[in-house]
Amino acid sequence: FFPFVAIEQKKTNPWPHSTQRTKRSLVTMTATDTTATPVSTTETPQTTSTGIAGRTNYRHWDKITRDLVTETEEEEQRESALESEQLGHTRVPYSKAEEEERAKAEAARNAKKALDAQKEREQSATVVLEDLIKKSEDECVVSPAMLGGRRVVTLRNIKGPGKIVFPPALTELGHTAEQDGVCVKGLIKVFIENCQDIEVVSLCKIITSTIEITHCKNLQLTVGQERLSTLQADMCTSLTIKFQSVGLWGAKEDRIYHAGVSDMTLLLPVPGQPNDQPLCRTMDYIKDGAQQRGNATKEEYQFATFIDESTKQLKTESVVRIRGRMLTETERRERDSFLARADQTTEQKGTEERGIDEEEAQDIIQQCAVHKGEGNDAFKHGEYAQAVLFYSLAIDKSQVLPPFSPTEPKVKNEHTFTERHICFSNRAACFLKLGHHEKALEDANSCLELCPGFIKALFRKGLALHAMKRYDEARPLLAQCLTKEPNNKQIQQALRFCEVNLEKERRKRMG
């Protein structure tokens with residue numbers, strides 16, 4: 001079927017030749033500059049094309065090139081704005097629901113811009129160190145001069161045998177923030193990628209307290225002097241993590257996350273015990289029970305190793321991501337227990353007629369939002385039956401709250417779950433994936449009752465009717481969706497299929 005997704009319009013250029021002419025002139029200008037013949041010093045040099053000693057004046061040509069690039073970018077921005085206007089992106093929304101969808105899309109775009117800016121800042125602060133081991137059994141001490149003032153360090157493609165040391169001197173690296181004048185010292189983060197047969201010794205402060213290791217073989221990470229709270233290891237073989245003294249790792253929040261890692265050994269000193277008698281645990285993703293989960297392979301199955309507070313022993317459990325948080329099996333059970341107690345409270349007090357106060361209402365709203373997020377995560381991973389369960393929890397719990405009205409002011413909707421109709425629509429999408437077309441139709445209708453004109457529910461209702469071979473009912477709904485979103489290729493394709501099948505049915509009836 002055709003899952004409804006955010007619309008991506010293919011860029012078309014209303015004036016394809018203008019931008020191409022500008023770009024061609026830019027290419028021609030640059031090519032002319034690079035092949036220019038030096039002017040003889042006996043001739044009078046032209047100020048627009050020559051420089052010192054008759055050589056080409058590259059500053060002049062650089063300025064022309066920059067101006068042309070700027071002009072081209074500005075022209076493309078104008079074309080993009082005109083294109084958006086022609087596609088109807090600047091029109092007034094048809095409904096409150098569409099206005100909210102646009103606001104979410106704008107927020108997503110702004111978040112992406114912020115993320116891109118963050119990545120750009122990180123890249124400017126990152127230094128990649130390669131080929132540090134010059135000869136067998138060599139030891140390389142990373143100096144501040146090697147980093148050039150950058151504090152995100154990546155060790156990449158280094159083959160031993162040998163040792164690489166991050167000395168205590170790197171703790172003194174830092175800069176003072178302009179806003180508050182605070183100077184935060186130390187490395188920011190360390191990445192170790194595609195390294196083999198080496199030992200990495202960390203003796204300096206890492207501000208994020210995080211090291212990530214990927215695609216390494218026969219590697220030992222030795223941690224001494226400064227705490228490390230989080231370590232991520234992925235797709236590694238024969239990995240050893242060794243802490244030199246007590247207190248460097250093992251607090252309640254400390255975790256070692258790993259996926260696709262075989263033969264990883266963790267050595268942790270025990271308080272009151274000699275260092276030659278540490279806690280020891282060996283991890284292997286196959287032996288630990290990695291399973292294929294949804295679209296994720298066994299190698300992508302996440303585990304976490306930590307100190308069990310009750311036994312004070314090392315423990316490894318599988319991990320699930322819920323609303324952006326990585327939770328172990330123990331943490332997930334604690335969370336489920338908490339939600340179960342909240343359910344009991346809701347059942348005891350939780351009907352509108354019995355009187356739900358503001359605090360109880362906000363608690364239920366929060367629970368519903370959590371379950372909706374869990375459903376979204378499950379859907380993204382292809383776990384449609386699990387997603388149905390989560391959306392159902394959100395729908396059932398929100399029954400005790402006042403009904404949501406998209407036409408009412410926000411003030412009147414403060415004490416209700418405003419996304420109940422979205423849960424119905426999303427659950428309809430799950431039922432379509434599972435082949436339960438009648439249930440999908442029922443949920444789509446429930447969504448439209450709560451929020452008439454919600455285009456996703458309208459589209460999924462059309463798909464459900466189409467799957468049930470009720471083409472004559474599906475066609476006007478899909479046509480209505482296309483009227484609202486004329487450039488949506490999924491709607492266009494669904495409508496074409498429906499018309500083809502409708503014509504086949506008509507011919508069959510005519511004999």
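**Note on the predicted model**

1. The largest nonpolar core has 46 residues, and those with the most contacts inside it are L155, F166, I192, I213 and L219. Such a core is a set of buried Ala, Val, Leu, Ile, Met, Phe, Trp, Tyr and Cys residues joined through side-chain atoms within 4.5 Å, where buried stands for under 20% relative accessible area, exposed for over 50% and partly exposed for what lies in between (1.4 Å probe, protein chains only). A second, separate core, of 43 residues, includes C423, A428, I455 and A464.

2. This is a predicted model, in which local features need pLDDT of at least 70 and side-chain atom pairs count only at pLDDT 80 or more, while totals for chains, interfaces and linings use all residues. Residues are numbered from 1 along each chain as its sequence is written, and side-chain values use heavy atoms, with hydrogens and water left out.

3. Leaving aside residues up to four places away in sequence, I213 touches I192, L219, L221, L231, Q232, A233, D234, C236, L239 and I241, contact being heavy atoms within 4.5 Å.

4. Helix α6 (residues 358-380) and helix α7 (residues 384-397) have axes that come within 8 Å and cross at roughly 165 degrees, which makes α6 roughly antiparallel to α7 (the term applies to angles over 145 degrees). The axes are lines fitted to C-alpha atoms, for helices over the stretch in contact, with angles from 0 to 180 degrees between N-to-C directions; helices (H or I, at least four residues) and strands (E, at least two) are DSSP runs, numbered from the N terminus.

5. The contact between these helices involves, among others, I364, H371 and F379 of α6 and Y384, F390 and K397 of α7. The residues of the contact of α6 with α7 divide into 10 nonpolar, five polar and three charged.

6. The peptide bond from G160 to P161 is cis, with omega near 10 degrees, and P161 is found in strand β4 (residues 159-166). As background, most peptide bonds are trans, and most residues other than glycine have a negative phi.

7. D131, a residue other than glycine, has a positive phi, near 55 degrees; D131 is found in the loop between β1 (126-129) and β2 (138-141) and is partly exposed, with a relative accessible area of 48%.

8. M235 also has a phi near 55 degrees, a positive value in a residue other than glycine, and its place is in the loop between β11 (230-234) and β12 (237-243). At 35% relative accessibility, M235 counts as partly exposed.

Methods: Angles under 35 degrees count as roughly parallel, over 145 as roughly antiparallel, 65 to 115 as roughly perpendicular and the rest as oblique. Ala, Val, Leu, Ile, Met, Phe, Trp, Tyr, Cys and Pro count as nonpolar, Asp, Glu, Lys and Arg as charged, and the others, Gly among them, as polar.
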